[in-house]
Amino acid sequence: MEIGLIALALILATLLGWLLRQSFNTQPWVAEQVSDTAHHGPLGDDSNTRLIALLGLLAVVTSFFALIFSAYALRMELGDWVPMTEPQLLWLNTGMLILASIAFQWTRNAAINGIRSRLLPGLLVTGVLTLGFVLGQFVAWQQLQNSGQGITVNPSNAFFFFLTGAHAVHILGGLYVWGRATIKVIMGNSDGAVIRRSIELCTIYWHFLLLVWLILFGLLLST
Amino acid sequence: MPFAVVLILLVVGSILFHLLSPWTFTELASNWGMVDFTVDITLYVTGFVFVAVNLFMAYCVIKFRYKKNARATYEPENKKLEAWLTGLTAVGVAAMLTPGLFVWAKFVDVPEEAHVVEAVGQQWHWTFRYPGEDGRLGEVDNERVSAKNPFGIDPEDPNGQDDVVVYSPEAHIPIDQPVKFLLRSKDVLHDFAVAQFRVKMDLVPGMDTFLWLTPTRNGRFEILCEELCGIGHHTMRGAVIVEDQSDFDAWLDRQPTFAEQTSRAPGNAAIGAAQYTVCAACHGSEGQGDEAVNGPKLAGQSAWYLKRQIMNYKNGLRGVHKDDTIGQAMVGMVAILPDETAVDNVVAHIVTLPDNPAPVTIEGGNIEDGQQEYRVCAYCHGADGLGVQALNAPRLAGMSDWYLERQLQNFRNDVRGSHPQDYYGFQMGLMGRSVYDEQAMTDLVAYINSL
Amino acid sequence: MSYVAIADRDHEQEHHDPDTFITKYIWSQDHKVIAIQYGLTAIFVGLIALGLSAMMRLQLGFPDEFSFINPENYYQFITMHGMIMVIYLLTALFLGGFGNYLIPLMCGSRDMVFPFLNMLSYWVYLLSVIILIASFFVPGGSTGAGWTLYPPQAIMPGTPGVDLGILLMLASLAVFIVAFTMGGLNYVTTVLQARCKGMTLMRMPLSVWGIFIATILGLLAFPALLVSAIMMIFDKTLMTSFFMPAISSMGADPGYTGGSPILFQHLFWFFGHPEVYIVALPAFGIVSDLLSTHARKNIFGYRMMVWAIIAIGGLSFIVWAHHMYVSGMNPYFGFFFATTTLIIAVPTAIKVYNWVLTLWEGNIHLRVPMLFSIGFVFTFIHGGLTGLFLGNVTIDLPLSDTYFVVAHFHMVMGVSPVLVVFGAIYHWWPKITGKMYNETLGKWHFWMTFLGTYAIYLPMHYLGFQGVPRRYFSMGNTEFMPDSAQDLNAFITISALFVAATQLLFFINIIWSLMRGPKSDPNPWDATTLEWQTPDHPPKHGNWGHHLPECHRWAYDYSVPGYEDDFIPQNVPADKAPAGRDHGGEH
């Protein structure tokens, strides 16, 4: 469970540090007009609110994957573990996912700099690469299944399918949001700020899932 | 005001209940008096806090209850007081934790000289294994478990040959000798708990767990499974018999080793056939049974079950209840079988008899209602009613229905299964009580007849 | 009422007040309506679980007297009772119900920041409840594996509902977790982003603090349950061996190899222990506000209270294995977890002291919510202290898996939070409905519930000392148990049935109040927190009319010296009422 605990400790420490900054040395019973800097207005600044919610979601997802990694580490120590040979295809998939992240970053920069013409191509390239990744994963599962390396063969296989599957589901969730952003761009009737915000948040999510993938892939390769 | 009075009464009442309660720890029978000591310390500390805080609260409710012209004090915090309270609490916690950790350290550290008994749990009974003369247990593996080798002992492992196997939920241990119970499960989680010993530990399939103790008192102490293990969880009982070393040695000597058990010659059906002529008087020449003389059908019943019941009659576990007149008659009859070999022989003959369904003698049951009743039965006796040896559940389908009904009555009325050593009968007694009345029983039998 | 400009962030469309019945009460995005939907659904399933417990108690008190209870459905009852009460009632009610209602009102915001997501959260929760209820009606019935769902037995023959029952249970949990995550992200973001002007974190009422920290715990802990549920579904349906070792089940080899049941337990309790505090922390917070309001005194040691909540929340993640002292895990873990567990007693004790000290020199109105609050403090002290027994690894040896455990967790996690739930419902009932309830009926309800539950659970501890194991359908003749133990069990059953029946008083009271109840004052308790200062009573969609409130002080300005009223609402500016004393810190 150490991995889960470490991830959790990091999340909680971040939170704690922030809470400490908020509350240290205040005497709450003293009534006074508080300058309104510590927080935002009633409805908040939209992008900030969404960013906070996204960060919250990422914390949840971090906890989710960290716990699977913990289970992986615990299960690995039991006697029957036979390391699995990962399909070579995963390298190609990894490449695609990295490129997708780069493409998204490029699109985001374009959005921030107001270069609207780049948005659609950027989003489409990202989408194709990401879809390519998911399809590639699917092919990899097929290959394993066909070569007699199915999910029941060994716990290492079971974890492989579970981890990559869970990751793919998160990617698909991201693609849903990507799809909505892309439609907005195609329809062309949305506010530029709205689109920019969507793209910015999506980019963070993509980078995050790339990071999860790299850790996950590294874990699979090293064991 | 009444509220505060009730609070005070509750505090006083709780203390009185505690002092007067006849329900308290059972008399200790092991070396784990330290556990009781830790409990006592915790009781004193927590009892003090319980009384002090609640009485203080009651006092506040009386003293500071609403008065029209009164006004509460304004006091956001009092760091000094809070620091004191925190400090005192920490001291109290440390006072409780320290002995706890100290005792746990002893529990974790098994003495070198402790002898080993393996307790094996499975749904829903206990069996035991002793290491034999070489002092070492043979390798075991759940995948090797079979009817012939219920412990799953590796036949190739020389350490396993002299292992003493006890296929009964009763373990014996000598008094004043530290013993380490090695705990192993064949199927699901179980928990080995003896109230008088104070210690318990789960059995986890796929790994060995342990606990240790030194028994300090002779007697029979019940083992209860305390980790939910399925529908028969509450029936999973056993006993540890603590006795003097000499009694223990004599008992151990009488138990078969793994080698003896596996090399035991199968019963000789030819010899058994000769002895069966006596049985045939009531059970019929082909074991078909005869209700008129209270002889149930035997043909088709599993050999292990027949043998166990005959042995139960012989060993005084069955047919001893004053209301079990038919069983008493049977006790007289089995006396013609002098020993276990004779029992094996006659059983070997019975299993060769042709198995034709017994005639239906009980009418008027509703099969659909019976099917509902049978849901619980099916967990052990199987959906097909053919019995499951691993669960000690005999065949029901196609056997004498009148006998089935009578035995169910007997189980429900403690006529059968009430002997403290008839563990499997005890289980059936607990389960059989959920068939509530005559009609339910008739329905049930009707359904079993339809299987 | 176009001033209610609540942006639906997911749709970015102009928002109008809902005007049809459907949009107002069914597909509503108003946090108050969603809160009520959550509350009603949770109470509905809670009543089912209460019924199940009555059935169990009938069997335990009067073994084999009732033909409709057999070992199969008994184990299904205990499983569903536990699961429903812990997850679908208490978690949903405190966070989905009270969280939804109180966070925006107490923080001075118009709604949750993502109203659409909030609505979705409720409907997904309802779906999880429907899946859960459906499991009663599938072939084989619902699972009977105990609420902990330990493998291997949860998915092996010998346990009721090993086919569809357990799968629906796991699916329902997964759906619940999705619902909770949607709701939880909303609550956290709302607290962080949508507080009104002047509402600093350290001015938030403790109710919000409790719910806020509990939500964070939930967000981080529920994934553990999700992971273990998915892995168990794999083990069941695909024959993987995450948790399943090689076993011989009823004489047959099901084909598993090498897995670890202990791994499941670690994951389960990594969720399961924080879950205790997911239920407890909101109760802590709410009861603090109730005590302070009805004692007309500021909560004692507010900062300490906040930090105790945070400390308990943090520590709750490193105590999980105290549920596993005798599970067969590495026994050396016992030292660590016993220590962390007993350490958590310190911040918890501080909270108790501060509640009691809040009463000291107060001016205590013993109105119904206050009765429930003090009742809570009493039962919580009892339940907390017995926790010190079980948290201590050595004492766990004789007491784990006995009635002592059942008594302990019902006292601390059943009775105590439920008393707070009732106290809170009575307290905020005038705000929610605009009507008053019947005080006398409420008091009867309190007395019967409080005394009745104590009569159930105090004796139950002693059956635990005796060594009576939990989850036993019946005891049979057991030598070490005196016959009187069975009589005590019968007494407990009678108390339990009595308590269950008296809950009718509550329903009679609220129905009476809805139909005939007198109109309530907008602020009947003279409370300071913002939800009592809304321009409309009960508050309308958007909560605050034209102008959002501004917060000028903390939530506990009761009986401030030099001010005529004995309370100063949070939105009264500093120059219109005493500004508090520079007090407390260093004397």
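Tutor: Start with one term. Two residues are in contact when their C-beta atoms, placed from the backbone, lie within 7 Å. Keep in mind that this model is predicted.

Student: Then let me use it on the chains. How many residues of chain C are in contact with chain A?

Tutor: On the chain C side, 61 residues take part, and they meet 51 residues of chain A. The elements giving two or more residues to that side of chain C are α5 (164-193), α6 (206-237), α7 (261-295) and α8 (302-315).

Student: Which element gives the most to this side of chain C?

Tutor: That is α6(C), with 9 residues. By class, the side of chain C that touches chain A has 33 nonpolar, 19 polar and 9 charged residues.

Student: How many residues does the contact between chains C and B take from each?

Tutor: Chain C gives 106 residues and chain B gives 98. Helix α11 (residues 368-391) of chain C gives the most to the chain C side, with 9 residues. That side divides into 60 nonpolar, 35 polar and 11 charged residues.

Student: Now chain A by itself. What elements does chain A have?

Tutor: Chain A has 6 helices and 0 strands. Its order from the N terminus is α-α-α-α-α-α. Along the principal axes, the C-alpha atoms of chain A fill a box of roughly 70 × 50 × 20 Å. Of the 223 residues in chain A, 36% are buried. Take the contacts in chain A between residues at least 6 apart in sequence: 80% of them join residues at least 24 apart.

Student: Where in chain A is the pLDDT below 50?

Tutor: Begin with the whole chain. The mean pLDDT of chain A is 87, and 91% of its residues reach 70 or more. Over residues 37-44 of chain A the pLDDT falls below 50, and this stretch has 17 contacts in the model beyond near neighbours in sequence.

Student: Next, helices. How do I read a packed pair?

Tutor: Two numbers describe the pair: the angle between the axes and the distance between them. Take α1 (residues 2-20) and α2 (residues 33-63) of chain B: they pack at about 165 degrees, with axes 8 Å apart. That makes α1(B) roughly antiparallel to α2(B), because an angle over 145 degrees counts as such. The crossing of α1(B) past α2(B) is left-handed.

Student: Which residues make the contact between α1(B) and α2(B)?

Tutor: From α1(B) come Phe3(B), Ala4(B), Leu7(B), Ile8(B) and Val11(B). From α2(B) come several residues, among them Val51(B), Leu55(B) and Ile62(B). By class, this contact has 11 nonpolar residues, 1 polar and no charged.

Student: At what angle do α2(B) and α3(B) cross?

Tutor: The axes of α2(B) and α3 (residues 79-108) of chain B cross at roughly 170 degrees and come within 9 Å. So α2(B) is roughly antiparallel to α3(B). The contact includes Phe37(B) and Ile41(B) of α2(B), with Met96(B) and Pro99(B) of α3(B). Its residues are 9 nonpolar, 4 polar and no charged.

Student: Let me try single residues. Is Phe300(C) buried or exposed?

Tutor: Count the neighbours. A residue is buried if 20 or more other C-beta atoms lie within 10 Å of its own. Phe300(C) has 29, so Phe300(C) is buried. Phe300(C) sits in the loop between α7 and α8 of chain C. Beyond four places in sequence, the contacts of Phe300(C) are Glu75(B), Glu77(B), Asn354(C), Leu357(C) and Thr358(C).

Student: Where is Val415(B)?

Tutor: Look in the loop between α12 (401-412) and α13 (423-432) of chain B. Val415(B) is buried, with 20 other C-beta atoms within 10 Å. Leaving out residues up to four places away, Val415(B) touches His321(B), Asp323(B), Asp324(B) and Asn410(B).

Student: What is the phi of Asp176(B)?

Tutor: Its phi is positive, about 65 degrees, although Asp176(B) is not a glycine. Asp176(B) is in the loop between β4 (170-174) and β5 (179-185) of chain B. Glu361(C) has a positive phi too, near 60 degrees. With 19 C-beta neighbours inside 10 Å, Glu361(C) counts as partly exposed.

Notes: Residues are numbered from 1 along each chain as its sequence is written. Chains are lettered from A and ligands numbered from 1 in the order in which they are written. This is a predicted model: local features need pLDDT of at least 70, side-chain atom pairs count only at pLDDT 80 or more; totals for chains, interfaces and linings use all residues. Axes are lines fitted to C-alpha atoms, for helices over the stretch in contact, and angles run from 0 to 180 degrees between N-to-C directions. Helices (H or I, at least four residues) and strands (E, at least two) are DSSP runs, numbered from the N terminus. Angles under 35 degrees count as roughly parallel, over 145 as roughly antiparallel, 65 to 115 as roughly perpendicular and the rest as oblique. A crossing is left-handed if the near helix is turned anticlockwise from the far one by less than a right angle, and right-handed if clockwise. Ala, Val, Leu, Ile, Met, Phe, Trp, Tyr, Cys and Pro count as nonpolar, Asp, Glu, Lys and Arg as charged, and the others, Gly among them, as polar. A residue is buried if 20 or more other C-beta atoms lie within 10 Å of its own, exposed if 12 or fewer, and partly exposed in between; C-beta atoms are placed from the backbone. pLDDT is the predictor's confidence in each residue, from 0 to 100.
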